[in-house]
Amino acid sequence: MNSAKVMALLNQWNMASHDQCRYCWCLPTCNVGCFANVGEGEMVTPEAKLKACAINRSRTHDLLIEYCGVLEENPKAFDYMAEMTLK
Ligand code: SF4
């Protein structure tokens with residue numbers, strides 16, 4: 001593994017993210033973190049990250065609407081999850 005390249009990618013990520021993520025409503029469920037989705041070639045760019053963020057927020061927004069719709073129809077729809085355990 002090329003640690004200098006890893007550090008360069010992390011620095012690019014931080015430069016593209018540091019002012020956005022801490023104010024983003026989507027942070028608790030964010031899955032933008034894959035470098036493959038926020039890069040152009042071998043560079044993480046603010047433009048590519050903004051595009052990935054917009055797609056992620058839109059998808060999360062749609063999922064929350066769907067989740068609320070299910071609960072409106074059946075308030076107990078997800079009660080079965082209380083008994084679930086992770087192995
Ligand atoms: S959607 Fe973008 S801005 Fe929001 S938390 Fe995720 S990476 Fe940060």
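A: A search of the whole structure turns up one cavity of 30 Å³ or more. A cavity here is a set of points, on a 1 Å grid over the protein atoms alone, where a 1.4 Å probe fits but cannot get out. Grid points are joined across faces, edges and corners, and a volume is the space filled by probe spheres set on the points. The volume of the largest cavity is about 80 Å³.

This is a predicted model: local features need pLDDT of at least 70, side-chain atom pairs count only at pLDDT 80 or more, and totals for chains, interfaces and linings use all residues. Residues are numbered from 1 along each chain as its sequence is written, and side-chain values use heavy atoms, with hydrogens and water left out.

Now the lining, meaning residues with an atom within 4 Å of a point. It consists of Trp13, Gln20, Cys21, Cys24, Cys26, Leu27, Cys30, Val32, Lys49, Cys53, Asn56 and Arg57. Helix α2 (residues 46-73) gives the largest share, four residues. Helices are DSSP runs (H or I, at least four residues) and strands likewise (E, at least two), numbered from the N terminus. By class, eight lining residues are nonpolar, two polar and two charged. Ala, Val, Leu, Ile, Met, Phe, Trp, Tyr, Cys and Pro count as nonpolar, Asp, Glu, Lys and Arg as charged, and the others, Gly among them, as polar.

Around the ligand are Gln20, Cys21, Cys24, Leu27, Cys30, Val32, Lys49, Cys53, Asn56 and Arg57, each with a heavy atom within 4 Å of it. This shell has six nonpolar, two polar and two charged residues.

Last, confidence. The protein's average pLDDT (the predictor's confidence in each residue, from 0 to 100) is 86, and 97% of the residues score at least 70.

Definitions and conventions: 1 Å grid on protein atoms, 1.4 Å probe; cavity = no way out; pocket = protein on both sides within 12 Å on 5 of 7 lines; lining within 4 Å.
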